[in-house]
Amino acid sequence: MRTVHPSIIIGSYVWDEAWLPRDEFQIRTAALNRAMDEHGWKAVLIYGDARDSAALAYFSNFIPRVRWGMALLPRQGEPRLLCSMSSRDMPGMRLMTWIPDVHSGWEWERNFDSWLAGIAGAETVEFGTIGFDLMQPTLAEQLAKSLGNRVRLVAADTLLPADRALRPRELSLLREGTEITNDAAAALLDAWRAGEGAEAAALEGERHARAKAAQDVRTLVSLDGGQSLAPFSGAFAAKTGALLAYIAVQTMGFWSEIFVTDAAKAPAMLKRAEAGLAALLAAARPDARAAALHAAAVAPLGSRALHPVLSGSVGRRIGLGLDEGGALTKDGDAVLRAGQVYGFHVGGWDEAEGAAIVSAAAEITAAGARVLCSSADARQRGRQR
Amino acid sequence: MCGSEKLPVKDMHLTTSETSRLQSICRILEEQQLDALIAFNNGQNLFLDANAVFVLTGVRPLAESAVVIGRDGISTLIVTPAWDGGRATRITRSNHVMSSDDLPAALRDALRRHRIDPKKCLTTGLQTLGNGLVCRIEAALGGKPLADKHLIAELARVRSPEERAAAQRATEIAERGYERMLEVARPGLREYELAAELYCAMKRLGAEDNFLLVSASQHNLAVRAAGNRRLDIGDIILSEITPCFHGQFAQLCRTTVIGRPSALLEEKYAVLQAAMRRGQAAAVPGAAVRDVTAVMDDCFREAGYGDYCRPPYMRVRGHGLGITSDQPGDITADSNVKLEEGMIFVMHPNQYLPETGYLMCGEPVVITRGGAEALSARRAALDFVPA
């Protein structure tokens, strides 16, 4: 789900070798080394920004808190990481990556050109690039000026396959994070049931997650009877008859999310949504196809449309991003694979039946979908608190 | 694509400042014989930058967005994703709203509907978007468009009365947030727990965003985002508290000790306070930013710290605050920008000193004839909480 991006990602985040030892990154960058050998590239440059950093995080563990970061990974020589903060901030930035050589991207000539001098000589060479579509033109121009005719850039985005399965250590981290997401959604629900309005309840969920070391938290609530969702406005409207909310939590780099629906009298739409999600989870297994999964999920909605905020999709991969592709749309071509984690979501809005969206984050295993966190879990935890 | 087919002209209720900015844009278009201004934003809400779409429409978009303003002043806001169109329609000052999951296609459609020649458009903010999207937009416009990167930051460099009131409210929220920090900070609390309390307390007061850095050490190198370190007796907590209210960021820089501060620390902190006072006195309308910076740096030079008036021992002596306008920019020794009455920015002679580590002291200020007047009710002091 798209939410308002914050001016800075304030939560706790460091490179924790207990979870991701150095050899994890040697394994990940081995694919880059193979590609460099195969194509004769001298280096791969990986770019990410504060909003979309999945590839950069995968190879470097670095997630920019603001603006951008770029990993410079040569086949021979020392890797370097540049980030868009001042030299004063570098000690804090070094805590977030296995790359020891971290410098300010604001001193571009000093920190990029000096690295380049050790990699590229007089002859024209090639570098692979990942994530360069995200790069802002001003930086791209600066880079082009530094490279001149000495280096030709070759897009290498497929080195991190769009449909990749998460690695075992990634799955462990994601599972750990879903505990916080489940608890945060339960806290949100509890606050609502205790009489808070939607925004205040969402804020309580956020506070709960942040107090448990969440790296980032995003919330959306409906302020129009469930027809749509809106970001935090600070208006704190009084409690209304029904709650439709969304909370996404990033912990140690990995995202998970839960939709929360509640009302004194359950909307008729809720039963349809729950039936749709159950059918989707039952059908979710390796080799299941997007179109079939979509059809299974929306069947209980009958003639009612999928909720507009879902943008026609009943799921997409999550991990280092909240949308890693693989949208499960009516005509989608995504195919589920073991080791992927999907955010599944089903719901609708209808004048007569009200609004409801329910969701589950689930790991795809050979035996089917293993639910890691869900709307149902949050409701259950809420009751137990 | 969503959006109204008929594109009815919505009645706009603009403030005097909004009208004036719109008139300036129309005048520029008229003078340059252009059909329209297209302002873009990437949805990242950087607190040091202007968000052109927010300034011109009042909407903080969720993602990439644009606003097209014709020479007649009629404006069309385009937001992504498509499902955010309802919210945008409710709060925008634009005449029309379109919502889409495909910004370049929607832009092409908007230009066609309003009979705007894509080759006769001025753009601003295009540089905030990613290269891939920029290429698609340039294709929609028939090539690289005429661009003025700083147009909106310049137009909005002096805050309107409404923006100043919002900045004042943001400052009050920051001060209440800091008071909350003094209540809850104690040995044993983890940095992220303190940050969570502070962040959510200010959000409860209406802060829609917050550039919040809170960290602690016995000897800090700089302020950073909260980590998992537990607060300890003798820690110096640094906080850069920057809530945003209705698009106006305000920043307090504070230094707080756990336990009674030492005489040495008090003596060194007084240098920062003196620099702040001198900077405020020097920052009158017409003063050059470089001269204000020099006055602050002089305080450190006189105390024997001239060699430390450069990164990484400090960054800048203050800076503009987005998301309306980043003017007057960074408060540095090489800035020739002239201060103007009504400009709002943060002044902060934050400084690393070898004996104490990094210390912070700063207030949001507005330029008046008498100097830079702090928006905060209480000036930064070396505070402490019980050990």
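Visitor: What should I know before reading the labels and values?

Guide: Residues are numbered from 1 along each chain as its sequence is written, and chains are lettered from A in the order in which they are written. Because the model is predicted, local features need pLDDT of at least 70 and side-chain atom pairs count only at pLDDT 80 or more, whereas totals for chains, interfaces and linings use all residues, and side-chain values use heavy atoms, without hydrogens and water.

Visitor: At what angle do the axes of helix α9 and helix α10 of chain B cross?

Guide: Axes are lines fitted to C-alpha atoms, for helices over the stretch in contact, with angles from 0 to 180 degrees between N-to-C directions. Here α9 (residues 263-282) and α10 (residues 289-302) of chain B come within 8 Å and cross at roughly 155°, which makes α9(B) roughly antiparallel to α10(B) (an angle over 145 degrees).

Visitor: How are the rings of Y246(A) and F259(A) placed?

Guide: Rings of Phe, Tyr and Trp (its six-membered ring) pair if their centres lie within 6.5 Å, and planes under 30 degrees apart count as stacked, over 60 as edge-to-face and the rest as tilted. The structure holds 17 aromatic pairs over all chains; in this one the centres are 4.9 Å apart and the planes at 50°, so the pair is tilted. Y246(A) lies in strand β8 and F259(A) in strand β9 of chain A, so the pair ties together parts 13 residues apart in sequence.

Visitor: Is Y246(A) buried or exposed?

Guide: Buried means under 20% relative accessible area, exposed over 50%, and partly exposed in between (1.4 Å probe, protein chains only). Y246(A) is buried at 0%, and F259(A) is buried at 0%.

How values were computed
Helices (H or I, at least four residues) and strands (E, at least two) are DSSP runs, numbered from the N terminus. Angles under 35 degrees count as roughly parallel, over 145 as roughly antiparallel, 65 to 115 as roughly perpendicular and the rest as oblique.
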